[in-house]
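The sequence and the structure come first.

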Amino acid sequence: MNKLIKNGKMVDKNNQLVDVDLWIKDQKINAVGRNFEQTGVHFDEVYDAQGGLITPGLVDVHVHFREPGFTHKETIETGSKAAARGGFTTVCAMPNLNPVPDTAEKLVKVQKIIERDACVKVLQYAPITEELRSETLVNYQALKDAGAFAFTNDGVGVQTAGTMYLAMKEAVALNMAIVAHTEDESLLFGGVMHKGKVSESLGLPGIMNATEASQIARDVILAEETGVHYHICHVSTEASVRVIRDAKKAGIHVTAEVCPHHLILTDEDIPGDIGNYKMNPPLRSSRDQAALIEGLLDGTIDCISTDHAPHSHEEKNQSMRKAAFGIVGSETAFSLMYTEFVEKGIFTLEQVVDWMTKKPAEVFNLEAGTLQIGANADIAIYDLNHSEPIDDRKFESKANNTPFIGKEVKGNTLMTFVNGQRVWSKEDSE
Ligand SMILES: NC(=O)N[C@@H](CC(=O)O)C(=O)O
Ligand SMILES: [Zn+2]
Ligand SMILES: [Zn+2]
């Protein structure tokens with residue numbers, strides 16, 4: 001079966017956009033070039049990219065799909081559609097579900113729903129400990145055999161060093177990664193936003209930078225001791241970047257991700273006590289923001305993830321004291337990164353695409369994130385020419401908890417393909 005995507009553009013080595021057509025054969029990339037129709041090949045399907053940017057399908061190593069347990073927020077079906085609408089073709093789903101998939105049996109149940117309902121590739125994380133409580137380790141071998149992608153307690157930190165150490169020993173023996181939400185609860189003091197001038201003026205309890213960074217410092221030393229691949233979720237502070245940079249210099253196998261919201265917004269952008277500005281980790285200071293940007297540029301931070309964290313209107317539409325932590329991100333990540341960083345000349349298009357495709361794939365050895373000949377035909381196409389306000393009525397997600405609604409962005413997705421099959425298109429969905 002031959003398929004053609006014509007009238008596209010790709011970034012070349014000099015960061016220039018060049019005209020290309022893409023030939024898909026039997027679910028793989030067969031050729032990238034021009035004028036394939038004139039070679040006499042019969043194409044079963046032809047798609048017009050309308051002059052849009054073609055990239056490898058984006059890879060998001062951090063999403064929350066809420067099924068089973070919290071399907072009023074999101075399901076595997078709606079979450080994967082949201083991912084497809086954002087140009088993502090491979091996503092890694094967090095295990096803060098109900099029940100937590102802490103046994104092979106429970107994990108397999110989630111995977112069955114993924115097989116049935118997901119329109120993109122979904123890799124499911126298993127937890128580090130039973131029920132995400134920092135007490136009893138899960139059965140690492142059984143969960144690996146059942147297809148766990150990696151181990152993480154995202155949503156909560158692992159509170160005791162000894163538990164983390166033993167978890168790392170289990171994971172490294174199986175060549176699996178430990179992925180960490182780092183948050184020392186004894187340093188939380190009921191905080192709901194970044195601790196600083198803004199939290200003071202809003203009269204809200206603050207979360208110190210040390211709450212995150214001190215646990216990263218602990219864990220990189222444990223990663224050195226055990227030799228495990230230790231990946232850090234949603235890095236948000238300057239001290240975290242410094243510790244990771246130092247760990248990498250020391251040869252420790254540590255990798256890290258950062259989210260668009262921490263790159264784009266700071267606590268000073270929070271206009272009031274509004275639930276949609278509440279996420280964990282919180283929006284930090286402009287100094288932290290600058291350190292995150294520098295960390296990406298010098299390779300300390302490896303990749304961009306969304307931490308897509310859907311919640312219902314009721315759970316979010318209240319004071320930060322009560323609202324749930326988290327914002328949705330799948331459907332806005334690329335367009336925000338393009339508009340805020342590429343258009344403004346802070347990052348090149350190639351850098352942003354790499355941080356959302358090749359780099360996360362490299363961190364976890366995934367067969368994704370490339371348009372090389374023979375690669376899986378996982379592809380996204382975006383409109384770089386027209387800007388549109390972010391409109392939650394168009395969201396595929398069940399949720400709309402994001403402070404970015406109404407923001408004008410370029411780089412909206414036109415089409416998304418998984419293994420050569422078109423799974424989402426703007427035309428069909430509007
Ligand atoms: N990021 C968030 O604020 N919330 C996430 C949990 C997490 O990623 O820590 C969630 O599950 O809602
Ligand atoms: Zn987290
Ligand atoms: Zn998360």
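Helices (H or I, at least four residues) and strands (E, at least two residues) are DSSP runs, numbered from the N terminus.

## Basis of the model

This is a predicted model, in which local features need pLDDT of at least 70 and side-chain atom pairs count only at pLDDT 80 or more, while totals for chains, interfaces and linings use all residues. Residues are numbered from 1 along each chain as its sequence is written, and chains are lettered from A and ligands numbered from 1 in the order in which they are written.

An unreviewed UniProt entry lists His64, Phe65, Arg66, Asn96, Asn280, His311, Phe325 and Gly326 under "binding site". UniProt positions are given in the numbering used here, feature names are shortened, and annotations may be inferred rather than shown by experiment.

Histidine 64 sits in the loop between strand 6 (58-63) and helix 1 (76-85). A residue is buried if 20 or more other C-beta atoms lie within 10 Å of its own, exposed if 12 or fewer, and partly exposed in between, with C-beta atoms placed from the backbone. Histidine 64 has 26 other C-beta atoms within 10 Å and is therefore buried. Two residues are in contact if their C-beta atoms, placed from the backbone, lie within 7 Å. Leaving aside neighbours within four places in sequence, the contacts of histidine 64 are Met94, Asn96, His308, Ala309 and Pro310. Asn96 is also one of the positions in the UniProt list.

Phenylalanine 325 is in the loop between helix 10 (313-316) and helix 11. This residue counts as partly exposed because 17 C-beta neighbours lie inside 10 Å. Not counting residues up to four places away in sequence, phenylalanine 325 touches Lys278, Met279 and Asn280. Asn280 is likewise included in the UniProt list.

Histidine 181 belongs to the loop between strand 10 (178-180) and strand 11 (193-194). It is buried, with 24 other C-beta atoms within 10 Å. Apart from neighbours within four places in sequence, histidine 181 is in contact with Thr152, Asn153, Asp154, Gly155, Val156, Gly157 and Cys233.

Histidine 234 is placed in the loop between strand 13 (230-232) and helix 7 (238-249). With 23 C-beta neighbours inside 10 Å, histidine 234 is also classed as buried. When residues up to four places away in sequence are not counted, histidine 234 touches His62, Glu257, Val258, Cys259, His262, Pro281 and Asp307.

## Cis peptide bonds and positive phi

The bond from asparagine 98 to proline 99 is a cis peptide bond, with omega near 5 degrees. Proline 99 is in the loop between strand 7 (88-93) and helix 2 (104-117). Asparagine 280 and proline 281 are also joined by a cis peptide bond, with omega about -5 degrees. Proline 281 lies in the loop between helix 8 (260-264) and helix 9 (286-297) and is one of the residues touched by histidine 234.

Glutamine 50 is not a glycine, yet its phi is positive, at about 55 degrees. This residue lies in the loop between strand 4 (45-48) and strand 5 (53-56) and is partly exposed, with 15 C-beta neighbours inside 10 Å. Leucine 132, also other than glycine, has a positive phi near 65 degrees. The loop between strand 8 (121-124) and helix 3 (140-145) holds leucine 132, which is buried with 20 other C-beta atoms within 10 Å.

## Helix 11 against helix 12

Two packed helices are described by the angle between their axes and the distance between the axes. Axes are lines fitted to C-alpha atoms, for helices over the stretch in contact, and angles run from 0 to 180 degrees between N-to-C directions. The axes of helix 11 (residues 333-342) and helix 12 (residues 349-356) come within 10 Å and cross at roughly 150 degrees. The two helices are therefore roughly antiparallel to each other; angles under 35 degrees count as roughly parallel, over 145 as roughly antiparallel, 65 to 115 as roughly perpendicular and the rest as oblique.

The contact involves Phe334, Met337, Tyr338, Phe341 and Val342 of helix 11 and Leu349, Val352 and Met356 of helix 12. Its residues divide into eight nonpolar, no polar and no charged. Ala, Val, Leu, Ile, Met, Phe, Trp, Tyr, Cys and Pro count as nonpolar, Asp, Glu, Lys and Arg as charged, and the others, Gly among them, as polar. Helix 12 is mostly covered, as six of its eight residues are buried: Leu349, Val352, Val353, Asp354, Trp355 and Met356.
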